[in-house]
Amino acid sequence: MCLWGAIAIMSFQRLTLLPQPVSAGTEREIPDIAALAPVEVTSIARLAQGGRWQTEAMRSYSRPVLLWVTRGQGKITVAGRSSGYGTHNAIFLPPGTQHGFSVMGQVMGSLVHLPRDQGLEWPARPVHLRLLEAQLQRELTGMIDALEREAQVRDAQTPAALSFQAGLLSVWLKRAVDAHDQRAPAPKQSSAHKLTEAFTALVERDFRRPVGVQHFAALLGVTPTHLSRVCRQVSGRAALDLIKDRRHFEARRLLRDSDLKVADIARRTGFASPAYFTRAFVAYTGQSPSVFRRAG
């Protein structure tokens, strides 16, 4: 049997939203630390040690991400849709895909931040591969190990070597997805899944503005009550919780990774005022923004 037949895959169709015009006074986004390196490989165990918010809070990245689980299980939410993951699961996320995942007990594996602009063809939609064949598991582990080793070399040839290694990985992923699509086309999404995915895409676009569920419901042509009910049905979280989770992750990231003042972070993450931001942050994390920053 062809090895590519030993893959179970969950795929999510993606919706395209028109970009919102940017006002003349809009400030540039502070880039993720991970986005500054050509490739970054972080162990899931190390990520989880930084606190549950490092994995569970809703976030997105400006470049492709691959989550490779070699041991353990948990739940992952991708574009508002929750599902379980387990040992030997590979989850690819295109740039800008809102996601978060929980870990149940000890989870081993890697989170790989991949190059976005090098002529590489990554899957256009999120994909969840369940690798059933040992050879495929070894191939993927070997490619990620090679990326991690090369990223640590840091000499004049490292960028080229990383580009070639990432290229091999992109081909491997494309073959995996193509093999599945030839056998079984992606299942049609329900209206609830489509609505939740559209909502999370809008949240990624607008969470820095001081808007709430009513704003997103109006854009989607539904009532706030219906939107929240559908989000809870698909993701296990109400619409407001997904918005708050996204804002608080970004706030914590900026507190840890930037020198911005608390008032500026409040403004950049959609809170109505610095005072409201501080109260909400304490209620959400149990710490004030200043204490959280010093603890980092």
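Colleague: Which elements do the buried residues of α6 pack against?

Modeller: They pack against α5 (191-206), α7 (224-235) and α8 (239-257); contact here means heavy atoms within 4.5 Å. This is a predicted model, in which local features need pLDDT of at least 70 and side-chain atom pairs count only at pLDDT 80 or more, while totals for chains, interfaces and linings use all residues. Residues are numbered from 1 along each chain as its sequence is written, and side-chain values use heavy atoms, with hydrogens and water left out.

Colleague: What makes α6 a helix, and which of its residues are buried?

Modeller: Helices are DSSP runs of H or I with at least four residues, strands are runs of E with at least two, and both are numbered from the N terminus. Helix α6 covers residues 213-220, and its buried residues are Val-213, Phe-216 and Ala-217. They lie on the same side of α6 because they cover an arc of only 100 degrees around the axis, the arc being that of the directions from the helix axis to the C-beta atoms. An α-helix has 3.6 residues a turn, so residues three or four places apart point the same way.

Colleague: Which exposed residues sit on the face turned away from that buried side?

Modeller: Gln-214 and Ala-218 do. Exposed means over 50% relative accessible area, buried under 20%, and partly exposed in between, with a 1.4 Å probe and protein chains only.

Colleague: Why is the set of 26 residues called a nonpolar core?

Modeller: A nonpolar core is a set of buried Ala, Val, Leu, Ile, Met, Phe, Trp, Tyr and Cys residues joined through side-chain atoms within 4.5 Å. The largest such core has 26 residues, and those with the most contacts inside it include Leu-66, Val-112 and Leu-169. Its largest share, 7 residues, comes from α4.

Colleague: Which residues does Leu-169 touch?

Modeller: Leaving out residues up to four places away in sequence, Leu-169 touches Leu-66, Leu-114, Trp-122, Leu-140, Met-143 and Leu-147. A second, separate core of 18 residues includes Val-213 and Ala-217.
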